[in-house]
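Please keep the structure in view while reading.

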Amino acid sequence: MRRMLLAAVAAIALGGTALADTIKVGVIGPFSGPFAIQGKNFKAGIDAWTALNGAKVGNDDVEIVYRDLPAANPAQAKSLAQDLVVKEHVQYLAGFYFTPDAMAVTPLLEQANVPMVIMNAATSAIVTKSPLVVRTSFTLWQTSVPMAKVAAQRGIKKVITAVSDYGPGVDAETAFATTFKADGGEIVESIRMPLSTTDFSPIMQRVKDSGAEAVFAFLPSGPTTLGFLKSYNENGLKQAGIQFLAPGDLTQESDLPALGDTALGVTTTFHYSIAHDSGENKKFVAAARTAIGNPAELSFPSVSAYDGMRVIYKMIEATGGKQDAKKAVDAVKGMAWESPRGPVSIDPESRHITQNIYLREVAKAEDGTYYNKEIQTFPNMTDPGLK
Ligand code: PHB
């Protein structure tokens, strides 16, 4: 003990860095309330990362400081971020489930000298709001363009869109409509639903009355998506021959037990299925299931959190633990690795993740559990929403 103390004092005297610092990472997400499972998945991904890679980078300890933001609330997001920076002295901000929360925090980053690693919020434009934003999740443009291609290939001609009326919903609607129309399709009606909508029966009636062959839908994953798909089933749209098209937010694995057999065969496009067949994914899923406790709750925000931690560790390594947001972000531009979702990289221009998007179908495994079975790959997609 005494010898260690002397060594540390000597190192300080010589200007060395023998003493370990603690690097704090502030993570903002929904850890209580109706979207708590989504926040739980941020934590499961982060815990899986530390279980497999340790809680140290070089000599420095990494400490995660969590802040609960139960619903989209930009003002609260901003004050939580300020608090994390000023009182907790975090060197990194991460998490952010909802777009409006991430948007509200981007103006703080440069002055605070703090990079933001987005683990979910999926509106394309967020990365353009500050050069210090890096995103390891996905965008609705990335996932909706392939769905429009699939719809056109299936010979569908008339689609009605129904999206939550905020950033990612508007992106999903625009991405789908632009691509589908370019492929010869027609959008017969575009419905935008307030985020607070819980009764979807009137929407289902409009879908039925529209004369469309299919509905393309986006809502943020959580009770909203479960309610929407249940309503599609209960209002007899499937029986009426109206196909269901959506990004994978609508069939997140944690919703599948409640949907049961009614979801079988539903196809979606997304960056990650828990059933992705790779060694890297098996290793991740085992660790993330242990971390989350109830395996049925594991869902997509876990993988963006896991990959987000890889990015943050690289940033800490590149800066030697010193607070230098620009240097940290520069160090991950072009970074490429094998994610549990497949091969990925950080686009050096946009700082958004380049990845495969998969067409998947809800299927039932031999043990009776439901999963998203990958059936087609759209390889190596940058964000089409940033062009
Ligand atoms: C978002 O607010 O950006 C968001 C939230 C949940 C999703 C997708 C996007 O499933």
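The sheet is an open one, built from six strands that follow one another in the order S2-S3-S1-S4-S5-S6, and the pairing among them is mixed. At its edges stand strand S2 (56-57) and strand S6 (133-135), and because each of these has a single partner strand, one side of each is left without a neighbour in the sheet.

Within this order, strand S1, which covers residues 22-29, runs parallel to strand S3, which covers residues 60-68, and the two are joined by eight bridges. Helix H12, formed by residues 301-319, lies across S1, S2, S3, strand S4 (92-95), strand S5 (116-118) and S6, and the helix runs at about 170° to S4.

We turn next to the ligand. Which residues come nearest to the ligand, of the 14 around it? They are Thr99, Ala122, Tyr166, Ser221 and Asp249. For Ala122, a backbone N or O atom lies 2.8 Å from an oxygen atom of the ligand, while a polar backbone atom of Ser221 is found 3.1 Å from an oxygen atom of the ligand.

The protein chain has an average pLDDT of 95, and 95% of the residues score at least 70. Over residues 7-17, however, the pLDDT is below 50, and this stretch has six contacts in the model beyond near neighbours in sequence. Where pLDDT is low, predicted coordinates should not be read in detail.

How values were computed. Residues numbered from 1 in each chain as written. Predicted model: local features only at pLDDT ≥ 70, side-chain atom pairs only at ≥ 80, totals over all residues. Heavy atoms only, no water. Pairing = 2+ DSSP bridges. Helix = DSSP H or I, 4+ residues; strand = E, 2+ residues; numbered from the N terminus. Contact = heavy atoms within 4.5 Å. Axes fitted to C-alpha atoms, helices over the stretch in contact; angles between N-to-C directions. Near = heavy atom within 4 Å. Polar contact = N/O pair within 3.5 Å; in protein donor to acceptor, adjacent residues only side chain to side chain. pLDDT = per-residue confidence, 0-100.
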